[in-house]
Amino acid sequence: MIARLLTALFLLAAVPANASNDLTEARKLLAEASRALEDVGKDPRGARLAALGKAIRAQEAALLAYRAGLRRLARAEREATAALSAEDERFSMLLTAMMALSRAPPSASFALPEGPVTAARTAEIIRRVLTPVEAEWSGFAERAAQLQSLRVSQEVARLEATETLKSLQELRGQTSTALGRRRPLMPERDTYRRLAARAAAEAETLGRLTQELGSLSPPRRADGFESAKGTLPWPVIGTLSAGFDDADRQGRKGQGWRIAAPGYAAVTAPVDASLRYAGPLADYGQVVVLEPDAGWLLVIAGLGRIDRQIGETVLAGERLGDMGADLPESEDFLLEAAGQQGQIKDKVMYLELRRAGKPVDPALWFRADRK
């Protein structure tokens, strides 16, 4: 038992710390997804879509962690393989010499014509040669075991990533089914749709669209939006590429966030809201405008697909659509993660928060951990 424990600890130590952290984070996120799925069957207030959305987000985050971990493991394996290959020829010569010495009978060293003193000196020389050779053998064997550990860790991570992709595909199918049983539309849905269509036809910018939509004066939500300040999850698992007031290439300051995310990423509602607009707009791609409270509008632009309709109410965590690309096949994902071929391309989402028609820094409202 102790020997097995020491072996396991040695193999664990052979995995790079950053790769081990990535895999640990991935497994933690999968546990979160599992807990979210436990709520899918309960559905106390029509929250099935929200629970599915949270599970999908957690699994997508786990997939990114597996991707990072597999990249680090692949890089470490290449480096270890190169180091062992460089030593192989030199060590083979040393090993051959050791084997030749080991086959010589002990009495041969005393048969030297120069007598026992010369034999003793020869034995000392042999000892001095064998000591560093044995040390090199120990180091070589350790590095070979580390390489084997890296390969085992890669195989485990590949299997777990493949299962995550399969589960993610199944969750998306469940979400599509649940969307077919969505809650009733708001009574004002037809009015919203006509006004949104007119606003989109006349607007050339997101600012103009939000001004038009903000003039409708819908009823105030009972729970309020102010209490959500600093707690909102990001609508997509990604990386902030440009913040509020950051200048673009033309020197124009932005009025929101730009988030780079994998092309297959799901887009979810950060907060309970009414869906005021859903559709294309100029060169912004597919755009969703949510109204979490009277006077507040949350614009999410750059989607590739939208699964919701104007006039719906959505709960925090519910799927709105995705960035437009299909979920990669497991083989493509693993090859890309290992740096062998292809690339999972990122797409850019634009997020803007407005109050009474004026842009507000999303950093004041959204969590810093991108979750």
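A network of salt bridges links Arg305, Asp307, Arg319, Asp322 and Asp326, a salt bridge being a side-chain nitrogen of Lys or Arg within 4 Å of a carboxyl oxygen of Asp or Glu. The model is predicted, so that local features need pLDDT of at least 70 and side-chain atom pairs count only at pLDDT 80 or more, whereas totals for chains, interfaces and linings use all residues. Residues are numbered from 1 along each chain as its sequence is written, and side-chain values use heavy atoms, with hydrogens and water left out.

Asp307 lies in the loop between β7 (305-306) and β8 (313-314), and Arg319 lies 12 residues away in strand β9 (residues 319-322), strands being DSSP runs of E of at least two residues and helices runs of H or I of at least four, numbered from the N terminus. Arg319 is buried at 9% relative accessible area, while Asp307 is partly exposed at 24% (buried, under 20%; exposed, over 50%; partly exposed, in between; 1.4 Å probe, protein chains only). A salt bridge also joins Glu312 and Arg308, at 3.1 Å from N to O; Glu312 is buried at 1% relative accessibility, and Arg308 is buried at 5%.

In the whole structure, 15 salt bridges are found. One of them pairs Glu160 with Arg27, with the closest N and O atoms 2.9 Å apart; because Glu160 belongs to helix α4 (residues 116-179) and Arg27 to helix α2 (residues 17-38), the pair ties together parts 133 residues apart in sequence. The chain contains seven helices and 11 strands.
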